[in-house]
Amino acid sequence: MEEFISHSVKETEDFAEDFSKNLNGNEIIALYGGLGVGKTAFTRGLARGLGVEDNVSSPTFAIVNEYIGSPNLYHFDMYRIESWNDLHSIGFFDYIGNGVVAIEWSENIEGALPDDSIKIEIHNGSKENERIIKIEGI
């Protein structure tokens, strides 16, 4: 497991942008962490690294935001997903293998994640803007 300590939103985004250079284009990025820890900030940096030019925002109400990049990025919010039927109704499984899939609130769909998913845990650090980012699976 790798660990990175971020001291700002910008550092989190820059780290994720650099991280994106390790991807081949078909990964599942399972993001874990509480409200406001930086899951969307991480995804913004990831998107920038994949060449996405659109503004990246949380897909809280849309469930999924699609971004054209190289490769494409599919950004999910699983906060309100409660069942396999929910996953099927939003077409979740159709996205796997067709680009990078970044999933906020992955803990809500743990059983549906492929074994080779990259797990990224983001937690608050001891200082106000400090975040501890732990990566497993790459």
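Is Lys10 buried, partly exposed or exposed? I found Lys10 exposed, because its relative accessible area is 54%.

**Ground rules**

I noted that this is a predicted model, so to speak of local features I need pLDDT of at least 70 and for side-chain atom pairs pLDDT 80 or more, while totals for chains, interfaces and linings use all residues. Residues are numbered from 1 along each chain as its sequence is written, and side-chain values use heavy atoms, with hydrogens and water left out.

**Entry: salt bridges on the helices**

I looked for the partner of Lys10 and found Asp14, in a salt bridge of 2.6 Å, N to O. A salt bridge here is a side-chain nitrogen of Lys or Arg within 4 Å of a carboxyl oxygen of Asp or Glu. Both residues sit in helix α1, four residues apart, about one turn of the helix. An α-helix has 3.6 residues a turn, so residues three or four places apart point the same way. Asp14 is partly exposed, at 28% relative accessible area.

Next I checked Arg44, which forms a salt bridge with Glu13, with the closest N and O atoms 2.7 Å apart. Arg44 belongs to helix α2 and Glu13 to helix α1, so this pair ties together parts that are 31 residues apart in sequence. Glu13 counts as buried at 14% relative accessibility, whereas Arg44 is partly exposed at 30%.

I also visited Lys119, which pairs with Glu110 in a salt bridge of 3.0 Å between the closest N and O atoms. Lys119 is partly exposed at 29%, and Glu110 is partly exposed at 36%. My search of the whole structure found seven salt bridges.

**Entry: helix α2**

How many of the eleven residues of α2 are buried? I found eight, so α2 is largely enclosed by the rest of the structure. Among the buried ones are Lys39, Thr40, Phe42 and Leu46. Their cover includes α1 (9–20), β2 (28–32), β4, β5, β6 and β7 (131–136). Just after α2, Gly51 takes a positive phi of about 85°. For the element names, I took DSSP runs numbered from the N terminus: helices are H or I with at least four residues, strands are E with at least two.

Glu104 lies in strand β5 (residues 100–104). I found Glu104 buried and without a salt bridge; the nearest side chain of opposite charge, Lys39, is 4.8 Å away. In that check Lys and Arg count as positive and Asp and Glu as negative, with His and the chain ends not counted. Which side chain does Glu104 join in a polar contact of 2.6 Å? The partner is Thr40. By polar contact I mean a pair of N or O atoms within 3.5 Å; within protein, one must be able to donate a hydrogen and the other to accept it, and residues adjacent in sequence count only if both atoms are side-chain atoms.

Ile63 sits in the loop between α2 and β3 and is buried at 14% relative accessibility. Trp105 sits in the loop between β5 and β6 (118–124) and is buried at 13%. I also marked a cis peptide bond between Ser70 and Pro71, with omega about 5°. Pro71 lies in the loop between β3 and β4 (73–77).

**Entry: the whole chain**

I counted four helices and seven strands, running β-α-β-α-β-β-α-α-β-β-β from the N terminus. Of the 138 residues, 46% count as buried. The C-alpha atoms fill a box of roughly 40 × 30 × 30 Å along the principal axes.

Definitions and conventions: Buried < 20%, exposed > 50% of the residue type's maximum accessible area, 1.4 Å probe, protein only. Contact = heavy atoms within 4.5 Å.
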